[in-house]
Amino acid sequence: MGVDITLSRWSDALVEEIFRDREGEGRPVSTIDAGGALLARALARAGVDVAEDAALAMFTSAFPARPQMVRWFSGVDSPGASLPAFLILCCIAASEAAGSEANDYRERLREMMGWDAIIMDCAALPTLWRRLESSCAAAPPDRRLRPLVLPDPRHRTQIGHAIELTFPSRQDGRRLKRDLEQGGLADPNHPVAVMRWLGGRVDRYSPTFRETFTDFQIAWRSGARALTDHRFWSGWRMVVETWRPTDVPEAFRVVSDEWGKYQLIAMDGEPTTLSRVEAASPPGLRHLLTNGSPVLLREIDWGQWTWVGRGRSAGREAQAALIREKTHSASLLAQLDRAVVSEAPGWAFTTAVDLVAGTAVRDAVSDDDLIDVRFAGVPRIDGGRLSRPSFPIRLLTTGPVESVTLSGAVAEQLELQRSGPREWLITPTVPVEGHAQVSVKATCGDIVRSLSLRRSALAPVLGKELPDRFLIDEEASGFAPTRAEAVATRFEDHESAATACPQQGLLDLVEYLAARPWVMPLSGLLELVDTLPKADAAGKWSILRALLEAGVIEPLRVRGWRGGAAIARSARAVLVPQQDVCRLRLDGVINEVLASRVQGIADRLGLGVSIGPGVGDWSLPLLSVEGDREALLALAAEVGVTCEYISPDLAGHVRPRDAVPNADGSTHGARQLVRMADTRLADRGIQLSLCRREAEDAPPVWLVQASEGEPRYWTHRHLALLDACGLAGVAPFDIRDGLLTANVPGVFLPLPVARWLRLATGVPPGPFDGGYAYKTTPCVEAMIREFMGMDRPDSSRFQRPRPAGRGRGPGMAFASGSSVEVLPIWRWARVNRGASR
């Protein structure tokens with residue numbers, strides 16, 4: 001088959017697939033779905049993709065000949081590193097995958113392996129199973145494994161563990177699927193419904209199945225509810241999931257933009273319509289849409305919702321809903337905080353889910369539910385949950401839970417607070433790395449879960465290629481892959497006098513972005529920023545701008561959708577020559593793990609590392625390495641980041657030119673006059689308006705209009721403000737005491753210039769003293785003054801003469817790389833609606 005997998009490699013792959021605690025919750029393994037599907041998944045984790053039958057053939061062929069296997073089964077020899085694979089082989093022999101109709105276990109094993117005789121002596125198996133159980137329990141913290149719970153072997157003292165772990169047996173599993181096909185089961189996730197449905201037909205199953213089911217019934221009727229890990233329930237859920245895969249909740253998503261508008265998004269990320277969603281939906285969702293019933297949603301990420309699915313638990317998980325307005329009374333609609341959803345006529349989005357039919361008892365604690373625990377609210381990373389003070393971990397319970405307690409080495413660093421009938425919040429007081437035991441107590445039984453905590457992502461997956469529908473907005477390209485000798489400018493070796501310690505929330509946010517590095521709607525990112533402690537004082541838009549200018553996130557435009565988005569930027573290194581030395585400054589997402597790695601490599605290479613504070617406590621620190629240029633290049637190569645050279649000046653940047661008047665009216669729409677706290681613009685006859693365009697899938701634009709003159713449209717508010725300041729004769733910035741400070745609220749430097757300035761000075765910009773500021777030095781101050789025209793009589797005007805030969809036709813102006821691109825209005829509108837020419 002072209003691939004030779006050793007038994008030790010099989011063992012590693014199977015342990016990773018079966019026992020690795022990827023959820024970080026410590027759920028025990030009490031049943032094993034042994035078969036070709038398990039083997040194929042294990043191989044896939046090892047980088048080998050094969051079909052189930054091929055995986056089974058590869059697995060059995062990896063074992064030694066029968067004489068050596070006899071020695072393993074009898075205990076004469078030990079399987080050693082092959083132990084997990086050997087024991088899984090024993091489970092497969094008891095499963096459907098063995099491909100034998102024989103009822104005798106040893107005969108099934110013989111047929112599967114192609115031996116000429118059975119192996120009778122299996123006396124070593126009980127000891128080997130206990131050895132695997134102990135190995136899982138003793139796994140080191142950096143390789144957390146789920147505990148193995150060995151079942152009672154019953155009368156089969158040698159082979160009983162392998163047979164019982166494959167519960168239900170192959171015959172019982174096939175019979176269950178046949179009975180399920182006949183229908184009659186209301187809810188396969190509700191224990192009462194399952195026991196009622198199975199009680200009348202259980203006599204047709206094997207004695208082992210009947211005994212296990214009866215044990216579950218007796219425990220339930222005695223009041224026990226901590227039965228989630230019971231062998232019957234684990235095996236039952238395994239059969240149900242293979243019989244009928246759960247309806248895919250993510251048949252669509254509802255995404256909000258920064259303007260408060262909601263849109264339906266297909267799973268490929270493209271905008272869609274409700275009729276298309278209905279046509280492609282699983283039966284349960286299609287039934288709801290056809291009947292106009294509420295579609296309950298849960299928030300899967302900031303600003304993104306998806307269907308919760310069906311079943312008893314759906315109403316309890318719901319955090320929002322899509323409702324068909326004509327199926328609700330006017331009095332009820334008046335109580336709902338509704339929002340229109342584009343391409344979903346007659347439907348609305350609401351977060352007032354408690355008033356929606358089907359959720360009236362979602363917070364009720366029921367005695368008919370099994371006690372269980374689920375963690376949510378923060379990203380999963382490296383087999384655990386991100387543990388930062390700004391982001392509490394949500395602990396969700398089911399069943400009649402009385403109390404929850406935490407224990408373990410890191411418990412003192414965690415605060416536990418009940419936030420609802422079925423919800424607790426676990427808030428780290430400091431960034432935490434380790435494990436905590438979560439004990440859920442109830443009068444009808446207790447359960448214990450292990451919560452693995454990670455303070456930083458080990459290897460963030462950044463820098464993925466963006467789908468075609470995303471365009472980088474205000475892309476910065478002020479760095480050139482030139483030789484260092486070509487950079488004539490020697491920037492000052494500036495020692496910042498700033499002493500501001502960065503807000504913990506800002507550091508936590510960087511770790512959050514490293515833990516979930518995919519595209520995030522701008523509305524979700526703003527909501528995330530807004531939850532940070534003390535963020536109100538600085539303002540979420542100013543904090544967002546500080547993140548953009550620090551190079552942590554990249555702004556995105558989305559074709560076919562008027563909302564914006566953002567994505568975390570991968571780390572890169574920029575060489576900045578100075579008077580006597582060279583500095584390498586790191587740009588992008590630099591989380592704790594990467595910073596620690598840079599420090600370790602720098603120490604080994606004899607390089608100095610410094611962390612420069614920003615202008616304020618909401619500015620991200622800048623990591624710099626000082627030393628010889630060749631050593632710095634070696635460090636960048638070892639860290640695995642691209643290395644660029646800073647531009648020597650701002651000659652490669654062009655200030656935004658005049659916006660072209662809108663001649664054809666294609667951008668006209670509802671206008672919302674923006675009231676400025678600073679009245680100097682209005683006093684001089686300059687109005688700034690937000691224009692929502694007639695096409696709902698096109699982003700809004702900003703209109704700058706003087707009492708005399710044609711309207712001027714811009715794609716970004718800060719560029720429109722710069723233009724408005726120029727028309728009004730108001731200086732947008734002031735340079736004083738080494739700081740470039742915004743004179744008008746909401747004014748920022750163009751993004752490429754702001755990123756260049758941060759790297760040139762070594763001091764990150766950000767909110768400062770109620771406004772926003774950038775650090776300057778004598779070297780760069782002259783460049784900034786020239787770039788901004790601050791030394792000319794019309795120093796506030798932010799424009800340059802139009803190049804010769806350029807027409808005056810209708811168009812849009814927006815920042816693109818190191819210049820400003822001007823497109824015809826009709827072409828820009830088409831691009832942003834996703835239409836092709």
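Buried here means under 20% relative accessible area. With that in hand, helix α5 (residues 83–93) of this predicted model is mostly covered, as eleven of its eleven residues are buried. The other topics below are the meeting of helices α11 and α12, the aromatic rings, and two arginines placed over rings.

**Helix α5**
- The buried residues of α5 include Leu83, Pro84, Phe86, Cys90, Cys91 and Ala93.

**Where α11 meets α12**
- The axes of helix α11 (residues 207–221) and helix α12 (residues 231–243) come within 8 Å and cross at roughly 115°, so the two helices are roughly perpendicular to each other.
- On the α11 side the contact uses Thr208, Phe209, Thr212, Phe213 and Phe216, while α12 brings Arg231, Phe232 and Trp233.
- Sorted by class, this contact has five nonpolar, two polar and one charged residues.

**Aromatic rings**
- The model has 19 aromatic pairs.
- One of them joins Phe216 and Phe232 in a tilted arrangement, 5.1 Å centre to centre with 50° between the planes.
- This pair links distant parts of the chain, with Phe216 in α11 and Phe232 in α12, 16 residues apart.
- Phe216 has a relative accessible area of 0%, and Phe232 also has 0%, so both are buried.
- Phe232 also pairs with Trp236: their ring centres are 6.4 Å apart and their planes are at 20°, so this pair is stacked.
- Phe232 and Trp236 are four residues apart in α12, which means about one helical turn separates them.
- Ring pairs link a cluster whose members include Phe167, Trp197, Tyr205, Phe216, Phe232 and Trp236.

**Arginines over rings**
- Arg201 lies over the face of Trp197, at 4.3 Å from the ring centre.
- Arg225 lies over the face of Trp220, at 3.6 Å from the ring centre.

Methods. Residues are numbered from 1 along each chain as its sequence is written. This is a predicted model: local features need pLDDT of at least 70, side-chain atom pairs count only at pLDDT 80 or more; totals for chains, interfaces and linings use all residues. Side-chain values use heavy atoms; hydrogens and water are left out. Buried means under 20% relative accessible area, exposed over 50%, partly exposed in between (1.4 Å probe, protein chains only). Axes are lines fitted to C-alpha atoms, for helices over the stretch in contact, and angles run from 0 to 180 degrees between N-to-C directions. Angles under 35 degrees count as roughly parallel, over 145 as roughly antiparallel, 65 to 115 as roughly perpendicular and the rest as oblique. Contact means heavy atoms within 4.5 Å. Ala, Val, Leu, Ile, Met, Phe, Trp, Tyr, Cys and Pro count as nonpolar, Asp, Glu, Lys and Arg as charged, and the others, Gly among them, as polar. Rings of Phe, Tyr and Trp (its six-membered ring) pair if their centres lie within 6.5 Å; planes under 30 degrees apart count as stacked, over 60 as edge-to-face and the rest as tilted. A charge sits over a ring if NZ of Lys or CZ of Arg is within 6 Å of the ring centre and within 35 degrees of the ring normal.
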